[in-house]
2 protein chains.
Amino acid sequence: MYFYKKIRMSGKTTIYDIAKKLNITAATVSRALNNNTKISEATRKLVMETASQMNYKQNKLALALKSGKSNNIGVIVPRIDSNFFATVIRGIEEELHPHGYHVIICQTRDDKNLEIENIDALLNAQVDGILMSISNVSNEQNESFNRILKKNVPLIFFDRKANIDGVSTVTINDFQGAYDATTHLIAQGCKRIAHLSNNRLIEIFRDRYLGYKQAIIDSGLEFDESIVIETISKVEEGRKITKKLLELDNPPDAIFSSSDFTALGAIQEINAQGFKIPQDICVAGFANEPFTKFMELSITSVDQSPLEMGRMAANVFLEQVGGNNGNIKIEKKVVLNPKLLIRESSSKFQLQKII
Amino acid sequence: MYFYKKIRMSGKTTIYDIAKKLNITAATVSRALNNNTKISEATRKLVMETASQMNYKQNKLALALKSGKSNNIGVIVPRIDSNFFATVIRGIEEELHPHGYHVIICQTRDDKNLEIENIDALLNAQVDGILMSISNVSNEQNESFNRILKKNVPLIFFDRKANIDGVSTVTINDFQGAYDATTHLIAQGCKRIAHLSNNRLIEIFRDRYLGYKQAIIDSGLEFDESIVIETISKVEEGRKITKKLLELDNPPDAIFSSSDFTALGAIQEINAQGFKIPQDICVAGFANEPFTKFMELSITSVDQSPLEMGRMAANVFLEQVGGNNGNIKIEKKVVLNPKLLIRESSSKFQLQKII
DNA sequence: TACTTTCGTGTAATCGATTACATAGAAATT
DNA sequence: AATTTCTATGTAATCGATTACACGAAAGTA
């Protein structure tokens with residue numbers, strides 16, 4: 001008795017309630033609500049009106065179970081409180097919202113186990129697709145990826161990808177971005193360009209390193225592996241490493257960093273040691289973090305179009321489910337072009353003009 | 001035939017499949033898997049083993065429909081690509097993940113209709129709770145909020161709240177934060193402090209304004225409404241307004257901004273006009289955006305503990321569903337203390353010491 | 001031995017929708 | 001008038017789980 005009251009009070013009206021009230025069956029109600037098969041105009045109207053009177057709302061969970069489509073997609077990122085990933089997610093959400101999809105977010109915090117756990121949880125929740133940026137590279141996840149594919153759930157990698165057959169990817173051309181940035185530094189007259197790298201088992205960092213290297217080689221400068229240093233994306237780390245670089249007998253006259261944060265650290269240390277930027281040393285970063293353009297000495301960086309990346313990833317997903325005739329696998333590789341944003345930290349010539 | 005094959009190939013094993021294989025019923029399988037009622041140790045083991053052999057994964061959708069618990073919660077924010085909201089969401093996700101909840105994110109882009117649409121969509125998706133920061137203040141949404149409450153779905157506001165009976169909120173003490181910042185500026189010797197405000201129909205901005213005002217009054221300084229200017233949170237707007245302020249016959253010697261972005265604009269304009277910060281003019285912002293500490297001239301700001309806010313909001317939700325005996329409504333009002341972070345843009349004394 | 005518990009499983013309803021198939025009555029055709 | 005076709009609706013299965021209730025067999029008690 002109490003239970004009944006509670007149910008009614010929580011305001012759940014089902015098609016059965018409507019059916020009972022109108023002395024028809026739930027099937028008819030369902031059909032009327034869906035403008036589906038031929039239903040007499042009279043009952044359709046009646047059902048529609050009664051439904052809105054009774055404040056009926058379709059239970060998407062029931063629909064999802066029946067149809068096998070949850071209308072949820074999962075997005076897995078290392079962390080959400082990073083400008084880059086947050087913006088990608090914004091792009092995904094904005095693109096998918098009009099199609100009725102909801103975005104479930106998961107963070108891995110670069111933890112391999114959490115990544116696997118999240119994938120499993122999303123699959124159990126019957127998501128219609130998974131869009132992710134991988135955390136690490138190991139073979140343990142491959143099993144998870146295969147589990148996704150075996151279930152015919154579209155899987156799309158963005159930014160940090162694993163190379164797996166049948167999986168679409170949306171990335172930027174990191175090689176080109178690094179190549180452009182390094183070439184720009186060379187054009188400024190820099191002859192000894194150090195590189196603050198990052199874990200090169202991750203493809204994006206390896207590509208940035210390779211782009212940097214190729215630009216040096218193509219320009220005829222000497223490539224010196226000893227001023228390529230692998231670190232993590234923290235301001236403090238950038239400072240520490242730059243300190244060491246400046247202590248060398250033959251210190252660099254430019255720094256190309258694979259992260260804006262280490263670039264900022266470099267700038268802080270260079271300033272602290274009394275060198276002038278960009279006159280003595282030029283600096284360029286990567287990612288176009290918001291702060292790079294806000295600094296009094298704005299920082300040259302490579303824009304990754306995260307919004308565009310999110311939108312593209314969402315579109316690739318939509319294509320995949322749209323033309324889905326069962327077994328047709330669409331494997332799409334989208335590569336966005338990075339944009340080099342030349343700012344004060346590397347603009348010797350413009351600065352001279354201004355002066 | 002083909003259909004059957006497809007189903008099998010997509011790897012969905014149900015408890016019925018396990019039951020068939022073992023010549024028992026699905027009920028027994030379900031009980032065995034849940035360690036529920038008394039099941040013979042033999043069959044339990046057998047079921048468990050067969051389940052893992054057949055790669056069985058519980059369909060959470062079916063469970064959700066049956067139990068009425070989707071294990072999804074909805075988070076609605078104006079935008080996700082803002083450091084503040086992204087960090088709050090991180091806090092929510094990290095707190096809820098261990099409890100098996102998934103976070104669905106929705107953006108309103110400050111659009112009232114989108115807010116209503118998102119609420120309805122989340123309710124239809126049968127979320128177990130809604131955590132949100134409201135976009136605007138109008139009475140149209142109140143209907144939506146009531147719809148949530150009528151369904152007994154926990155609703156929790158964070159940061160930007162509406163004042164509704166029975167709804168828990170997690171906010172910071174914006175009044176105090178503004179009061180502290182203003183008091184600090186006064187302690188630096190500033191006598192004429194302008195305030196860059198924002199839409200004061202939104203409570204947080206009204207409170208910041210009131211805190212600022214109270215600090216001025218309490219200190220015995222003259223409160224001048226004409227140097228309180230309402231604007232939007234953009235660097236460019238901050239610049240424009242500051243330009244006008246500096247053109248006054250009686251320009252301010254400090255600016256307290258309700259946003260770090262307008263504070264940055266103010267700093268840019270002050271620098272452009274050749275004034276010195278903090279010697280001539282002190283500046284303080286609000287929100288502790290990452291860039292405020294990265295600037296060469298770091299910006300004094302008020303930290304809002306977004307991570308903590310997200311965690312608290314999640315915990316309030318958990319409490320609400322935890323002790324949920326049906327009709328017991330817990331209305332909790334959590335107010336976090338803001339932290340004033342004094343940095344270079346307002347540190348006259350420390351700077352003098354350094355010099 | 002006869003009767004009562006207890007234990008392990010099976011039966012079937014339920015959550016809230018959709019939909020293939022069946023069917024009654026009206027309309028159209030011959 | 002008899003037959004066929006349409007139309008609108010009902011019946012019942014289904015999606016994949018959980019669970020109240022029923023029941024036979026084994027175990028315990030007198």
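A residue is called buried under 20% relative accessible area, exposed over 50%, and partly exposed in between, with a 1.4 Å probe and protein chains only. This is a predicted model, in which local features need pLDDT of at least 70, side-chain atom pairs count only at pLDDT 80 or more, and totals for chains, interfaces and linings use all residues. Residues are numbered from 1 along each chain as its sequence is written, chains are lettered from A and ligands numbered from 1 in written order, and side-chain values use heavy atoms, without hydrogens and water.

Start with A:Q320. Its relative accessible area is 10%, so A:Q320 is buried. It sits in helix 14 (residues 306-322) of chain A. Helices (H or I, at least four residues) and strands (E, at least two) are DSSP runs, numbered from the N terminus. Leaving out residues up to four places away in sequence, A:Q320 touches A:P154, A:L155, A:S168 and A:I330. Such a contact means heavy atoms within 4.5 Å.

Strands of a sheet pair through backbone hydrogen bonds, either parallel or antiparallel. Two strands count as paired if DSSP finds at least two bridges between them. Here 12 strands form an open sheet with mixed pairing, in the order 11(A)-5(A)-4(A)-3(A)-1(A)-2(A)-2(B)-1(B)-3(B)-4(B)-5(B)-11(B). Strand 11 (333-336) of chain A and strand 11 (333-336) of chain B are the edge strands, each pairing on one side only. In chain B, strand 3 (residues 129-132) and strand 4 (residues 155-158) pair in the parallel sense over three bridges. B:M132 stands opposite B:F157 in strand 4 of chain B.

Finally, turn to helix 11 (residues 235-247) of chain B. Its buried residues are B:V235, B:G238, B:I241, B:T242, B:L245 and B:L246. They cover an arc of only 140° around the axis, which puts them on the same side of helix 11 of chain B. The arc is that of the directions from the helix axis to the C-beta atoms. On the other side of this helix, B:K244 and B:E247 are exposed. The buried residues of helix 11 of chain B pack against helix 13 (290-294) of chain A, and against elements of chain B including strand 6 (193-197) and helix 12 (260-272).
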